[in-house]
Amino acid sequence: MNTPAHLLINLAVLSSRRIDSGRLHSYGLAILLGALLPDVFMFIFYGYEKFILGTHEQEIWRIKYFLPFWQNIFDLFNSIPLIAVAFLIGLYRKSLFLQALTLSMLFHCLLDFPLHNDDAHRHFFPLSDWRFISPFSYWDSSHYGQYFLFIEVFLSFIAGLYLLVTHNVRWVKAISCLLLCIYVGFGIFAYYVWGF
């Protein structure tokens with residue numbers, strides 16, 4: 001899934017209206033960070049390759065993305081065993097922030113798991129180099145990406161509307177509106193740059 005979709009869906013699924021507004025602020029921030037962390041180094045990688053080195057789009061995604069250095073960094077933050085260890089540390093230390101952050105990271109990985117084909121992560125790194133090569137892709141039309149894109153768009157807008165309607169906390173509504181705008185902007189960028 002695209003990162004803005006992870007942010008919206010994770011916040012909608014993992015936040016709760018029963019949490020008081022003070023704790024929701026910290027918990028919601030942890031959910032958003034957890035939804036972002038598995039992808040954050042891809043943004044750093046892309047920015048470095050595109051804007052600093054001036055690498056062509058096709059070379060970025062067909063060659064540079066698959067270099068072992070970058071793959072190790074990407075997979076470190078998509079590693080279910082490492083996320084589980086961090087969650088257990090959060091339980092031991094009674095840190096709700098760390099628990100929420102790692103649950104959100106895990107949810108991100110579970111949503112990604114069935115939607116990556118040749119760009120699949122090693123979700124059990126460093127214990128294993130195995131990758132689940134799904135017959136489906138969230139972006140590649142040769143693996144039904146056009147259908148999953150519609151599903152992703154639908155779920156993202158439902159998640160955003162759910163957050164707007166069900167939460168009375170202003171920052172949740174503001175973040176929901178901002179994420180919906182980012183999602184639309186990201187979609188426009190993807191269409192013009194990557195030809196989605």
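Is Lys94 buried or exposed, and at what relative accessibility? In this predicted model, Lys94 counts as exposed, because its relative accessibility is 72% and the cut-off for that class is over 50%. Lys94 is placed in the loop between helix H5 (80–92) and H6, and its phi is near 55 degrees, a positive value in a residue other than glycine. Most residues other than glycine have a negative phi, and most peptide bonds are trans.

A positive phi is also found at Tyr144, where the angle is about 70 degrees although the residue is not a glycine. Tyr144 belongs to the loop between H6 and H7, and with a relative accessibility of 44% Tyr144 counts as partly exposed. The loop between H6 and H7 also holds Pro126, which is joined to Phe125 by a cis peptide bond with an omega of about 5 degrees.

The packing of helix H1 was examined next. Two packed helices are described by the angle between their axes and the distance between the axes. The crossing of H1 and H7 is left-handed. On the H1 side, the contact is made by Ala5, Leu8, Ile9, Leu11 and Ala12, and on the H7 side by Glu152, Leu155, Ser156, Ala159, Gly160, Tyr162 and Leu163. By residue class, the contact of H1 with H7 comprises nine nonpolar residues, two polar residues and one charged residue.

Helix H1 also packs against helix H6 (residues 96–112), and here the axes come within 10 Å and cross at roughly 120 degrees. H1 and H6 are therefore likewise oblique to each other, but the crossing of H1 and H6 is right-handed. The residues of H1 that take part are His6, Ile9, Asn10, Val13 and Leu14, which meet Leu103, Ser104, Phe107, His108, Leu111 and Asp112 in H6. The contact of H1 with H6 divides into six nonpolar residues, four polar residues and one charged residue. Ile9 of H1 is listed both in the contact with H7 and in the contact with H6.

The cysteines were considered in turn. A disulfide is a covalent bond between the sulfur atoms of two cysteines. With a cut-off of 2.5 Å between cysteine sulfur atoms, the count comes to zero disulfides. Cys177 is accordingly in no disulfide, the nearest cysteine sulfur being that of Cys181, at 6.7 Å. Cys177 is partly exposed, because its relative accessible area of 37% lies between the limits of 20% and 50%, whereas Cys109 is buried, with a relative accessible area of 0%.

Finally, Phe189 was located in helix H8 (residues 170–194), where Phe189 counts as partly exposed at 32% relative accessibility. Phe189 and Leu7 are separated by 182 residues in sequence, and their C-alpha atoms are 18 Å apart in space.

How values were computed:
Residues numbered from 1 in each chain as written. Predicted model: local features only at pLDDT ≥ 70, side-chain atom pairs only at ≥ 80, totals over all residues. Heavy atoms only, no water. Buried < 20%, exposed > 50% of the residue type's maximum accessible area, 1.4 Å probe, protein only. Left-handed = near helix turned anticlockwise from the far one by under 90°. Helix = DSSP H or I, 4+ residues; strand = E, 2+ residues; numbered from the N terminus. Contact = heavy atoms within 4.5 Å. Nonpolar A, V, L, I, M, F, W, Y, C, P; charged D, E, K, R; others polar. Axes fitted to C-alpha atoms, helices over the stretch in contact; angles between N-to-C directions. Parallel < 35°, antiparallel > 145°, perpendicular 65-115°, else oblique.
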